[in-house]
Amino acid sequence: MKLKDTQALTSFKYGWLLKRIFPYIKPVMGRVILGFFIAIPVGLLDGVVSFALKPYMDYVVGQQNLIICGFEIPYSILAIAMPFAIIGFALFQGVLRYLNSYFTDWTSLKITNAVKIDLFSRLIYMDTSFFDENSSGIIINRYLTDPDFASKGIVEQIKTLIISIFGAASLIVVMLYSSWKLAVVGVLVLTIAFMPVLLIRKKIKSVSNKNTVITGDITTTINETYSGNKVVTAYNLQDRQMKNFIDDINKSFNVSISLTKRVGWMSPLMYLIASFGIAFVLYYGTKLIYTGQMTAGSFASFVTSLLLLYKPVKTLGNTLTSIQTIFVAMGRVFELFDYVPLIKNKQNTVNVPVLTKNISFENVTFSYNDNYTVLSNINLTVKIGETIAIVGNSGGGKSTLVNLIPRFYDVKDGAIKFDGIDIRDFNLSDLRDSISIVFQDNFLFTGTIKENIMLAKPQATEEELQIALETSHLTEVIESLPDGINTFLGERGLTLSGGQRQRVAIARAMIRNTPIIILDEATSALDNESEAVVQKALDNLMKNKTVFVIAHRLSTIKNADRIAVINDGKLVELGTHAELMSINNGQYKHLYEMQFSKEGTKVL
Ligand SMILES: Nc1ncnc2c1ncn2[C@@H]1O[C@H](COP(=O)(O)OP(=O)(O)OP(=O)(O)O)[C@@H](O)[C@H]1O
Ligand SMILES: [Mg+2]
């Protein structure tokens with residue numbers, strides 16, 4: 001599911017797209033329709049001024065009284081009334097325009113928000129590999145910018161479309177009324193002038209898709225400049241960042257300008273075709289006047305309509321181009337809706353029961369991608385209440401193995417079972433509620449230390465909080481901070497030291513009090529002394545729990561009930577420290593001698 005590979009295949013299936021967006025429009029349908037209804041007279045009123053020209057020319061300028069239904073209206077009164085009437089109309093149109101803008105903005109914002117909320121509700125349930133694969137920039141772009149553009153645009157453009165269509169229609173009616181012959185010529189010419197718009201749909205789609213990816217890359221560069229600012233500064237990478245940024249900006253420029261090259265000639269061409277029409281109308285109209293088939297007033301009215309027609313027609317041209325871009329964005333948005341996370345609940349899931357027997361890995365094989373197997377054929381049964389240490393070479397697959405338990409990823413082959421039940425049969429959130437994890441690199445949210453701990457169990461009592469704080473050896477850290485437990489952590493918790501952050505993460509895991517605990521290098525950032533204290537507290541808490549602990553420190557490993565050695569994706573040895581040490585040329589023994597012996601004498 002690479003967001004960069006977007007095809008937006010549905011971009012030209014207008015009916016399908018409208019059907020997809022309809023559920024979001026439905027709740028605000030009343031106001032949408034009201035807005036569109038208001039758009040109709042806004043458009044129609046365009047024709048009024050040119051329409052008024054005919055009586056003005058024929059009666060006021062021609063100094064003749066107007067007779068309507070037997071009533072005679074003197075031209076002198078018309079001469080005063082008509083300018084006022086025009087102002088009145090403009091005022092009326094202005095009020096309608098305002099109402100129209102209000103309704104379209106209100107509805108389009110509501111629709112956009114609903115789409116965004118729905119998209120975000122899917123994003124938060126996306127699986128880990130989705131986030132592995134897609135950069136932050138493209139996610140922001142596809143989940144925030146696109147829906148903004150797509151759903152806000154669609155209402156606005158439909159409004160503009162309606163105003164333009166009715167504006168054009170009213171002017172065409174005035175033209176027909178003035179002279180149908182000339183009107184036919186005018187409409188014919190305009191239709192021809194429009195043809196090119198249809199020819200550039202594909203180009204618009206490809207440019208829009210490409211631009212989404214590039215804009216995503218630009219956002220990623222900015223994000224990385226933020227997150228990696230220390231590396232950027234330390235390694236003087238400003239030029240590199242600058243180059244990435246400029247490269248992308250230039251790419252975006254080239255893509256956009258290639259569209260302009262294709263689209264830019266359309267407007268002048270439309271002008272040119274239109275000028276043929278106007279030239280012909282002038283020539284033919286004069287002939288009609290000379291032969292007495294048309295009054296000068298009708299002609300003035302007609303020409304004004306024709307000239308006024310250019311604006312809605314031009315808007316119509318632009319709107320059609322914009323709508324095409326919007327449909328492409330909508331195609332991308334609904335493509336997202338159809339992405340189903342790889343990890344999801346199957347039908348009829350069950351909750352995790354109270355475990356009494358074991359957690360077993362049965363012939364577990366796993367790979368992140370097809371060309372490289374990370375774990376092959378792992379068979380490991382961990383008794384409930386047992387603490388199992390996992391050791392092995394770096395990149396050997398230890399983290400991967402434990403990440404399979406909460407189903408960050410699913411096994412490619414084999415199964416992981418709790419008391420004999422495949423974990424894929426469990427309700428996902430219930431499965432994850434039964435596991436606490438401390439990672440090596442723990443993410444803390446913007447907020448206070450307390451908030452960061454309590455989010456693991458919002459209903460925790462003050463006593464539970466205190467226990468978690470003491471267990472994680474966090475009490476004295478908190479005491480040293482001016483705001484104590486309410487100290488505010490910046491984005492990603494960056495105002496704490498690595499070890500302090502790790503302790504907050506341990507407290508967060510501890511307060512959950514779950515039957516299964518996973519510690520992936522959980523104490524690696526602590527100094528020996530703190531580590532020994534935290535470890536002791538952890539030992540207490542780990543009683544009666546099933547614990548997977550990945551560690552490099554001998555003290556942690558020796559305390560485990562058993563040790564599993566995972567080297568290059570294979571379970572090579574399994575047993576107690578003593579058992580593994582007794583294997584001649586054993587891998588654990590080798591590892592122990594290489595890695596732990598010095599530390600061992602120091603710590604023990
Ligand atoms: N998200 C990922 N996508 C693709 N490959 C990955 C991903 N995470 C890890 N790998 C690869 O899988 C292999 C096992 O990685 P893993 O993190 O499980 O090793 P590890 O035993 O925990 O190593 P370490 O002791 O260094 O933490 C490595 O070759 C790594 O490159
Ligand atoms: Mg690891």
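The legends below accompany close-up views of a predicted model.

**View 1. Domains of the protein chain.** The domain assignment divides the protein chain into domain 1 (3–337), domain 2 (357–434 + 515–520 + 545–604) and domain 3 (440–513). Taken over C-alpha atoms, the centres of domain 1 and domain 3 are separated by 53 Å.

**View 2. The shell of residues around ligand 1.** Ligand 1 is surrounded by Asp132, Tyr368 and Val374, together with Gly392, Ser394, Gly395, Gly396, Gly397, Lys398, Ser399 and Thr400. Helix α13 (residues 398–403) supplies the largest share of this shell, namely three residues. When the shell around ligand 1 is sorted by class, two residues are nonpolar, seven are polar and two are charged.

**View 3. The open sheet of six strands.** In this open sheet the six strands follow the order β8-β11-β12-β5-β13-β14, and their pairing is mixed. The edges are formed by β8 (435–438) and β14 (570–575), each of which has a single partner strand, so that one side of each is left without a neighbour in the sheet. Neighbouring strands of this sheet are turned by 15° against each other on average, with direction ignored. Helix α18 (residues 498–512) lies across β8 and β11 (516–520), and its direction is at about 170° to that of β8.

View 4. Strands of a sheet pair through backbone hydrogen bonds, in either a parallel or an antiparallel sense. Strand β5 (residues 387–391) runs parallel to strand β13 (residues 562–567), to which it is joined by four bridges, and alanine 389 has isoleucine 563 of β13 as its bridge partner. β5 is also joined to β12 by four bridges, again with the two strands running parallel, and here isoleucine 390 has isoleucine 550 of β12 as its bridge partner. β12 in turn pairs with β11 in the parallel sense over five bridges, with leucine 519 standing opposite valine 549 of β12.

**View 5. The buried strand β12.** Strand β12 (residues 546–550) is mostly covered, since five of its five residues are buried. In a regular strand the side chains alternate between the two faces of the sheet. In β12, Thr546, Phe548 and Ile550 point one way, while Val547 and Val549 point the other way, and all of them are buried.

**View 6. Antiparallel strands β3, β6 and β7.** Strand β3 (residues 358–366) and strand β6 (residues 413–418) run antiparallel and are joined by five bridges, with isoleucine 359 standing opposite phenylalanine 418 of β6. β6 also pairs with strand β7 (residues 421–422), in the antiparallel sense and over two bridges, and in β7 the bridge partner of phenylalanine 418 is isoleucine 421. The hairpin of β6 and β7 has two residues between the strands, and within this hairpin aspartate 419 takes a positive phi near 45°.

**View 7. Two asparagines with positive phi.** Asparagine 377, a residue other than glycine, has a positive phi near 50°, and its place is in strand β4 (residues 375–383). Because 15 other C-beta atoms lie within 10 Å, asparagine 377 is partly exposed. Asparagine 585 likewise has a positive phi, near 55°, but lies in the loop between α21 (577–581) and α22 (587–603). Because asparagine 585 has 6 C-beta neighbours inside 10 Å, it counts as exposed.

**View 8. The surroundings of leucine 66.** Leucine 66 belongs to strand β1 (residues 66–68). Leucine 66 counts as partly exposed because it has 15 C-beta neighbours inside 10 Å, a number that falls between the cut-offs of 20 or more for a buried residue and 12 or fewer for an exposed one. If its neighbours within four places in sequence are left aside, leucine 66 is in contact with Pro55, Tyr59, Ile73, Tyr75 and Leu78.

How values were computed:
Residues are numbered from 1 along each chain as its sequence is written. Chains are lettered from A and ligands numbered from 1 in the order in which they are written. This is a predicted model: local features need pLDDT of at least 70, side-chain atom pairs count only at pLDDT 80 or more; totals for chains, interfaces and linings use all residues. A residue is near a molecule or strand if its C-beta atom, placed from the backbone, lies within 6 Å of it. Ala, Val, Leu, Ile, Met, Phe, Trp, Tyr, Cys and Pro count as nonpolar, Asp, Glu, Lys and Arg as charged, and the others, Gly among them, as polar. Domain bounds come from an automatic or database domain assignment. Two strands pair if DSSP finds at least two bridges between them. Axes are lines fitted to C-alpha atoms, for helices over the stretch in contact, and angles run from 0 to 180 degrees between N-to-C directions. Two residues are in contact if their C-beta atoms, placed from the backbone, lie within 7 Å.
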